[in-house]
2 protein chains.
Amino acid sequence: MTPKYKKIIDSFIKDYDNNNILPGDTLPSENELMKEWNCSRDTVRKAMTVLAERKYIQKSQGQKSTVLNRKEYEFPVSRITSFQELVKKRNLNASTEVVKFEIVNKSHYIYNLFNVPKSEKILEIIRIREIDNEKIILDKDFFLEKYIGNLNKEIAGGSIYEYLENELGLKIDFAKKTITVEKPTKEDLKYLDLKKDTLIANIESFTYLEDNILFQITYSRHRSDKFKFFDFAQR
Amino acid sequence: MTPKYKKIIDSFIKDYDNNNILPGDTLPSENELMKEWNCSRDTVRKAMTVLAERKYIQKSQGQKSTVLNRKEYEFPVSRITSFQELVKKRNLNASTEVVKFEIVNKSHYIYNLFNVPKSEKILEIIRIREIDNEKIILDKDFFLEKYIGNLNKEIAGGSIYEYLENELGLKIDFAKKTITVEKPTKEDLKYLDLKKDTLIANIESFTYLEDNILFQITYSRHRSDKFKFFDFAQR
DNA sequence: TCACATTTGTTCGTATGTATC
DNA sequence: CGATACATACGAACAAATGTG
């Protein structure tokens, strides 16, 4: 049973996405929403607070809330968006090739990062992302195997996140990312279409489940001339 | 008069910063906190919710909340941190030189970005950031003049944000950032200590006040070999 | 395995404060 | 100044998750 305030949020977002609610509109007052949803003010406020945090609406004491143009604030990377979601949203001509899919056997290093004993199994996946017929991104993923069920090579060629969230019901919470600019490694040179003098923009991500469990480490290595990263920062 | 729930938050953060509350500790239950603060459960919960959002604590139904190690989540850039705050926090050997401080007179371009008429005045500031005796960052700022009071060259050499927030009471809300990797411009070559083959990592920021007013545009151009950007992303 | 106490999550009702028009 | 709208605060009840005996 989804709580009532979440239903209000979902209903708003659905209307927003279908352009039934437009940027610039003023929302009904909290009192009116109480009647509309047959609920208490507390419930309405909880929903509106979340919508304000997500920049769907703007609140201001003494005035009705107004609807914002969220397209201006919608950012792919800092919202943990999978490559597949990005491709779909941007309508990109893209494809994925899985070049490695196996249990890690040596690397001390990666065990230290996960901070798990050697008895844990860690899966390594390397994928090449091709956009407009150029191999531009090299994604190296490491997963703790116990969380990823029957993830296989076919799924990895599509959307891993779609599988983890919808099939396994995994709840991905947040990620810590670090961006640096580096010289290409041998692996980069082997798999990517690199021009002379191009560097690699590397996004290192540590992704956590809702109980603060680190379950994925990713290195997303982009050809620097094609690299663009969007961020949304709050003071 | 600061509301009671904010006092609870501030008190917690103070204790946390002073190591009176340590990561791994369990918090008192909401019932106990009610007695401790002589307030209602609603008030306690509002405070705890904010602390959970900011990753100070972890909540979980049926269990007491636990205190997190926030150092792991503390990120400079994606929180809109000024260079001065960063220098202080990281204890860097750094200095700033203001090389330009004047009203923009030509640039059509920047007026379009701000989306204001030519009658508005826009201030341009260029600053060089030197770290460990190397000129590594070039910051170009554009401000809408009407918001920045008597900001002068001396203040610009120190902390502009400190002045805007504490002296003028400006409420900075959020920023949209884009990171790209580019070849150095003439300006970069002129002002920065660049090695051969180094590229520039450019952070373009649009900073907004609490009423969604765009008041600052910044280009922070970093020598790519010294560039590091931290981000925190939520799903 | 089950029942129970504890703890957080959701919802309602009500009252008062503060900002805007 | 009064009406309206959002912000804060209190009290109460029940639901859902967790740990324990």
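Helices (H or I, at least four residues) and strands (E, at least two) are DSSP runs, numbered from the N terminus. The model is predicted: local features need pLDDT of at least 70, side-chain atom pairs count only at pLDDT 80 or more, and totals for chains, interfaces and linings use all residues. Residues are numbered from 1 along each chain as its sequence is written, chains are lettered from A and ligands numbered from 1 in the order in which they are written, and side-chain values use heavy atoms, with hydrogens and water left out.

View 1. A residue is near the strand if one of its heavy atoms lies within 4 Å of it. There are 24 residues around DNA strand C. Those that come nearest are Lys4(A), Ser40(A), Thr43(A), Arg41(B) and Gln63(B). Sugar and phosphate make up 66% of the atoms of DNA strand C that come within 4 Å of the protein. H3(A) gives the largest share of this surface, four residues. By type, the surface has three nonpolar, 12 polar and nine charged residues. Here Ala, Val, Leu, Ile, Met, Phe, Trp, Tyr, Cys and Pro count as nonpolar, Asp, Glu, Lys and Arg as charged, and the others, Gly among them, as polar.

**View 2. Chain B at the phosphates of DNA strand C.** A polar side-chain atom of Arg45(B) lies 2.8 Å from a phosphate oxygen. For Lys59(B), a polar side-chain atom lies 3.1 Å from a phosphate oxygen. Glu30(B) uses its backbone: an N or O atom lies 2.9 Å from a phosphate oxygen.

**View 3. An aromatic cluster in chain A.** Ring pairs link Phe12(A), Tyr16(A) and Tyr56(A). Rings of Phe, Tyr and Trp (its six-membered ring) pair if their centres lie within 6.5 Å; planes under 30 degrees apart count as stacked, over 60 as edge-to-face and the rest as tilted. Phe12(A) and Tyr56(A) are edge-to-face, 5.9 Å centre to centre, with 80 degrees between the planes. Phe12(A) lies in helix H1 and Tyr56(A) in the loop between H3 and strand S1 (57-58), so the pair ties together parts 44 residues apart in sequence.

**View 4. Lysine over tyrosine.** The charged end of Lys46(A) sits over the ring of Tyr5(A), 5.4 Å from its centre. "Over" requires NZ of Lys or CZ of Arg within 6 Å of the ring centre and within 35 degrees of the ring normal. In chain B, the charged end of Lys46(B) sits over the ring of Tyr5(B), 5.5 Å from its centre.

Terms used: Polar contact = N/O pair within 3.5 Å; in protein donor to acceptor, adjacent residues only side chain to side chain.
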